[in-house]
Amino acid sequence: STGSNFADLTNWDANWRAAALRSYGDQLIALNITESSSNFPTRIRFSDITTANSIPGSWDATNASTSAGFIDLVQVTDEIKDGLTLGSNFIIYSSDQTWLMEFTGGQFIFNTRKLFEDAGVINQNCVVEAEGRHYVFGPFDIYMHDGTSKQSICDERVKSYIYDNLN
């Protein structure tokens, strides 16, 4: 709080950038990664397991003694915009798809699967969790979901007014 800038994330490669960085369980999740000059818009990179309020000890996916790694969601048709925890899962959003990531442990650590092929998020920070649901401002609808089914939360008149007046 006394600094003028955020501090560097130690153990993170100085040549990497992430569009979003979120917490999930005992790990940090980096979404939409640029590593040096290579962009991986559908990559999810996860840190080694760490304790609360601590910096992860590693992001090195090649070190088999850590839980750090990455997943490339090659079926995602647009770049990953954001992600957020929902219950015991992590939900990943592009502009037109929604994916679920769940901790499985073992060799692969996480499992991913597509939730919605026709719904995503309009931009970063446009999803919030409340009462076990995500409320999402999507590119064509404002909806909620519980990780299984989704439901629009605005009628056509309200939806038309909002989207017709977006700049």
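Over how many bridges do strand β11 and β12 pair? The model is predicted, so local features need pLDDT of at least 70 and side-chain atom pairs count only at pLDDT 80 or more, while totals for chains, interfaces and linings use all residues. Residues are numbered from 1 along each chain as its sequence is written, and side-chain values use heavy atoms, with hydrogens and water left out.

Strand β11 (residues 142–145) pairs with β12 in the antiparallel sense over 3 bridges. Here, strands are DSSP runs (E, at least two residues), numbered from the N terminus, and two of them pair if DSSP finds at least two bridges between them. Within this pairing, M144 has Q151 of β12 as its bridge partner. Both strands belong to an open sheet of 4 strands with antiparallel pairing, in the order β9-β10-β11-β12. At its edges lie β9 (127–130) and β12 (150–152), each of which pairs on one side only. On average, neighbouring strands of this sheet are turned by 25 degrees against each other, direction ignored; axes are lines fitted to C-alpha atoms, and angles run from 0 to 180 degrees between N-to-C directions.

Strand β7 (residues 98–105) runs antiparallel to β8 and is joined to it by 7 bridges. Opposite W99 stands K114 in β8.
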